[in-house]
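Here are my notes on the model you sent.

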Amino acid sequence: MTTPILEIRNLHARIEEREILKGVNLTIPAGQVHAIMGRNGSGKSTLSYVLAGKEDYEVTEGEILLNGENILDMDPAERAVAGIFLAFQYPIEIPGVATMTFLKAAINAQRKARGEGELSTPDFMRAVKEAGTQLNIDSDMLKRPLNVGFSGGEKKRAEILQMALLKPALCVLDETDSGLDIDALQVVSKGVNALRDANRSMLVITHYQRLLNHIVPDVVHVFSDGRIVESGDKDLALQLEAKGYADFDGALA
Amino acid sequence: MADDYADIPTLKENIDRATVDSVRSLDVDKYKYGFETDIESDMAPKGLSEDTVRFISKKKNEPQWMLDWRLEAYRRFLTMTEPTWAKVHYPQIDLQDMYYYAAPKSSPAPKSLDEVDPALIAMYDKLGVPLKEREILAGVERPKVAVDAVMDSVSVVTTFREELSKVGIIFCSISEAIREYPELVQKYLASVVPVSDNYYATLNSAVFTDGSFVYIPKGVRCPMELSTYFRINEKKTGQFERTLIIAEADSYVSYLEGCTAPMRDEAQLHAAVVELVALDNAEIKYSTVQNWYPGDKDGKGGIYNFVTKRGDCRGANSKISWTQVETGSAITWKYPSCILRGDGSRGEFYSIAISNGYQQVDSGTKMLHLGKNTSSRIIAKGIAAGFSDNTYRGQVSAHAKAKNARNFTQCDSLLIGDKCGAHTVPYIESRNGTAVFEHEATTSKISDDQMFYCQQRGLSEEDAVALIVNGFVRDVLQHLPMEFMVETQKLIAISLEGSVG
């Protein structure tokens, strides 16, 4: 059997004294898209931050393997270089830094860390144009400071643009549908679907089923009280939508 | 959809990249100009006295009027006391424990570049200052920049003089101007900063040793950037330079100033005076990248930078624009100002002041509106890291006759870490009802969320800070000449090294 892109084993994590992840086990083979659904406060977003290595969270037990390699000792930048990309639920504003500038800095930082040469300006422009067209991102938007004054849809499209350019092995999408109207949702979903690839895995975190009509997952997991309590195919999402999360509370208790 | 992407400026993107690269390539020794050059010097006897003043004047072969002027300044100085209103703290400076004149012995008065001591050329080379006209002329990549190189107390060489003189521009050391163009010097010297203006300006008037003199004749647009590169090399030496720029009616000049000094344990004093005069419709753009040695990580040593810079928009519709990037010095006390005397004249002040370690910055500007329909614009960006203190101090005033005076001021402070301080001290005074002054101020921190976001995209901590800070100063950076812009972005990264984590 080939090594899965992501393997999480018995992951426990806390913020200050509060334990939030209480034994997460999750394996995503290459090429698959997994969805995690759960109510607010169940720990879904924490899982995304812990994967990306945010400092505020302390892993107390367990392992995270990316392509078979334990990443827990890596800092956030090293994890990004190793292939983890987190599309933020609330993308952060970087005043004064043109989106284009930011993209180039990020791409070249990763290339350099991998010992590759910098992307030439024409190659970079070509790549941005190609990915941007797909996401309805025009050159005016690229000149504006990243996320500053962006609409909800623009922010999410900018996240997917970065994802497309950085070509990660694992895409973690945290509530990518929040703040999107139906048209924007379609554009963003189309962008995400275009990145589905046999060598790439995705973890889609959401609490609405609606996103999963557009980004159809291979596996759906239900998250409750810091762990996965149920897994199934895409129909599980429909079931959740119809019945709510109550049936799954304490499922492992 | 899919607009033309070709119009996106790529130059600035490359510069940002350069910033990020420079952070990565940092040496352990972050102040890369801290070396000392072994060049034999001719020194004045130590200490300040009337004899010192006479010694300097004699060394410079000055006419009697200049000596008298200096002695008058010296006598005034003896009656003055050091100002204490700035938010800076330092041990008493012992004016008797320093040298007021140090000149490289080898080159008393080189006529051309060929006569300049190769050791000096090599030193400036190491500093990245081109002193070779021919090379610059042959190359197509770099825009031409004429350089006046001042080391310790003397100007060692001025490039491109001949080419400039063809259009009537005078660009030489102030010492030479005193000898060769006494009528211009006498007319304008101290006409903007009076001899007794303040403690340091008066001291400078008594003991100034060299600096640059620029005269742009009527209707001439200076065909290249003019620049002066100041270097302190000798130990225990104060540098007192004097710069005078005169732009006659309908002329234009862009002037750049750079400064560095070796790393030393003891603090050194730098007290300069810069005077600008813009006549009718003339424009002077004055840019500074100040990178004096800031002292070590414990706050030992460094340059005390007490500088008086002032421009006089004497003519109608004249314009003076100050752009400064302050990254060096242990203490910075500096307020480049504009006297908006001519009707319709304009003053601008764009500033980036970065403090790290134990640096103290008290800097800002004064915009004095005297004429009708005068306008001014101030954009000041302060970045404080480490244990530093960073104060913006600015004055905007409108005289009773300054009808329709306009000012816009924006002061933004960025804090890195929680041991530093940023302060904004605006003084606003209006004596007529038609003046409109606007003042905006913000203070922010680089947030953990911003850092995490950048790092999640693969940027290291240093890369992330440099990128965020360069974004913060963007609207000031745009006002720098291209050459300085690149240098500044690198300097920002270097100055903030070690400010996180």
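1. Chain A holds an open sheet of 4 strands, ordered β2-β1-β4-β5, with antiparallel pairing. Strands here are DSSP E runs of at least two residues, helices are H or I runs of at least four, and both are numbered from the N terminus. Two strands pair if DSSP finds at least two bridges between them. The edges are β2 (18–28) and β5 (69–70) of chain A; each has a single partner strand, so one side of each lacks a neighbour in the sheet.

2. This is a predicted model: local features need pLDDT of at least 70, side-chain atom pairs count only at pLDDT 80 or more, and totals for chains, interfaces and linings use all residues. Residues are numbered from 1 along each chain as its sequence is written, with chains lettered from A and ligands numbered from 1 in the order in which they are written.

3. Strands β1 (6–15) and β4 (57–66) of chain A run antiparallel, joined by 8 bridges. A13(A) has V59(A) as its bridge partner in β4(A).

4. Between the chains, 29 residues of chain B contact 36 residues of chain A. Contact means C-beta atoms, placed from the backbone, within 7 Å. On the chain B side, α1 (11–24), α10 (448–456) and α11 (461–472) each give two or more residues. α10(B) gives the most, with 6 residues.

5. H214(A) lies in helix α8 (210–214) of chain A. Leaving out residues up to four places away in sequence, H214(A) touches L185(A), Q186(A) and S189(A). L170(A) is 44 residues from H214(A) in sequence and 19 Å away in space, C-alpha to C-alpha.

Definitions and conventions
Two residues are in contact if their C-beta atoms, placed from the backbone, lie within 7 Å.
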